[in-house]
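Below is a short briefing on one chain. Keep the model in view while reading the points.

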Amino acid sequence: MRYAAFLVLTMTVSLVFAEGHKNNERENTIEIVMSAWKHLAKIDMEKFNEYLTDDFTWTFMGTSEISATYKIDDFSKLVGSIVENLELNMDRIIADKSGAVIIAEGVGKGKTGSAYNNRYAFVFTIKDGLISAVHEYSSDLLVERALLGK
């Protein structure tokens, strides 16, 4: 009987410790992503780059002519060439130890002069305490119309 009680107590302590460890990992992910987000939201790519791995990629999902996977330098040039003014406002963040999703709304103007107000889901992948990838889900039709003038 004492052995069974000891076993139950040991398992309970292990589960509580594991849950606390998961929460710490989740909090670390949120801290990394939010630190980077404050720069991305202002389109300050130089500061955003400080939170990225050397092999970082940004994937713009969809079927538009700019839908592809980019290294950060190429993505930064693309953003600079099509977006004149953009403010990203986060609605919520969902995270675990390996990544996070930010749901956001963008309000801005494209280089064509058209209004560019889009909704986003940014999926961040974390590797070794840095962001290794972002997959951006948004309206690629709006991108083509407002940013590329098509």
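Which residues do ring pairs link into a cluster? They are Trp37, Phe48, Phe56, Trp58, Tyr70, Phe75, Tyr120 and Phe122. The model is predicted. Its chain has four helices and six strands.

**Overall layout**

- Along the sequence, the elements follow the pattern α-α-β-β-α-β-β-β-β-α.
- The chain has 150 residues, and 37% of them count as buried.
- Among contacts with a separation of 6 or more, 53% are between residues 24 or more positions apart.
- The accessible surface of the chain is about 9000 Å². Carbon and sulfur atoms account for 55% of that surface.

**Strand pairing**

- S3 (residues 83–96) and S4 (residues 99–110) are antiparallel partners, with 12 bridges. Two residues connect S3 to S4 in a hairpin. Across this pairing, Met90 stands opposite Ala104 in S4.
- S4 and S5 also pair in the antiparallel sense, over 11 bridges. Their hairpin has four residues between the strands. Gly113 in that hairpin takes a positive phi near 95°. Ile102 stands opposite Phe122 in S5.
- S5 and S6 are antiparallel and share seven bridges. Two residues lie between them in a hairpin. In its turn, Asp128 has a positive phi of about 55°.
- Phe124 faces Val134 in S6, and Ile126 has Ile131 in S6 as its bridge partner.
- S1 and S6 (residues 130–137) pair in the parallel sense, over five bridges. Here Trp58 stands opposite Val134 in S6.

- The largest nonpolar core has 37 residues. Those with the most contacts inside it are Trp37, Phe48, Phe122, Phe124 and Ile131.
- Helix H1 (residues 2–40) supplies the largest share of this core, with six residues.
- In general, nonpolar side chains tend to be buried together in soluble globular proteins.

**Aromatic pairs**

- The count of aromatic pairs comes to seven.
- One of them joins Trp58 and Phe122 in an edge-to-face arrangement. The ring centres are 5.9 Å apart, with 65° between the planes.
- This pair links distant parts of the chain. Trp58 lies in S1 (residues 52–60) and Phe122 in S5 (residues 115–127), 64 residues apart.
- Are Trp58 and Phe122 buried or exposed? Both are buried.
- Trp58 and Phe122 also belong to the cluster linked by ring pairs. Trp37 and Phe48 are in that cluster, and both are among the residues with the most contacts inside the core.

**Helix H3**

- The buried residues of H3 (residues 72–82) are Ile72, Phe75, Ser76, Leu78, Val79 and Ile82.
- Why do they line one face of the helix? Seen down the axis of H3, the buried residues fall within an arc of 160°, so they line one face.
- Phe75 of this group is also a member of the aromatic cluster.

**Met34 in H1**

- Met34 lies in helix H1.
- Met34 counts as partly exposed because its relative accessibility is 28%, and the buried class stops at under 20% while the exposed class starts over 50%.
- Leaving aside neighbours within four places, Met34 is in contact with Met90, Ile93 and Ile102.
- Met34 and Ile102 are 68 residues apart in sequence. Their C-alpha atoms are 9.3 Å apart in space.

Technical notes
Residues numbered from 1 in each chain as written. Predicted model: local features only at pLDDT ≥ 70, side-chain atom pairs only at ≥ 80, totals over all residues. Heavy atoms only, no water. Core = buried A, V, L, I, M, F, W, Y, C linked by side-chain atoms within 4.5 Å. Buried < 20%, exposed > 50% of the residue type's maximum accessible area, 1.4 Å probe, protein only. Arc of directions from axis to C-beta. Phe/Tyr/Trp six-rings, centres within 6.5 Å; stacked < 30°, edge-to-face > 60°. Pairing = 2+ DSSP bridges. Contact = heavy atoms within 4.5 Å. Areas by Shrake-Rupley, 256 points an atom, 1.4 Å probe, with all protein chains shown as cover.
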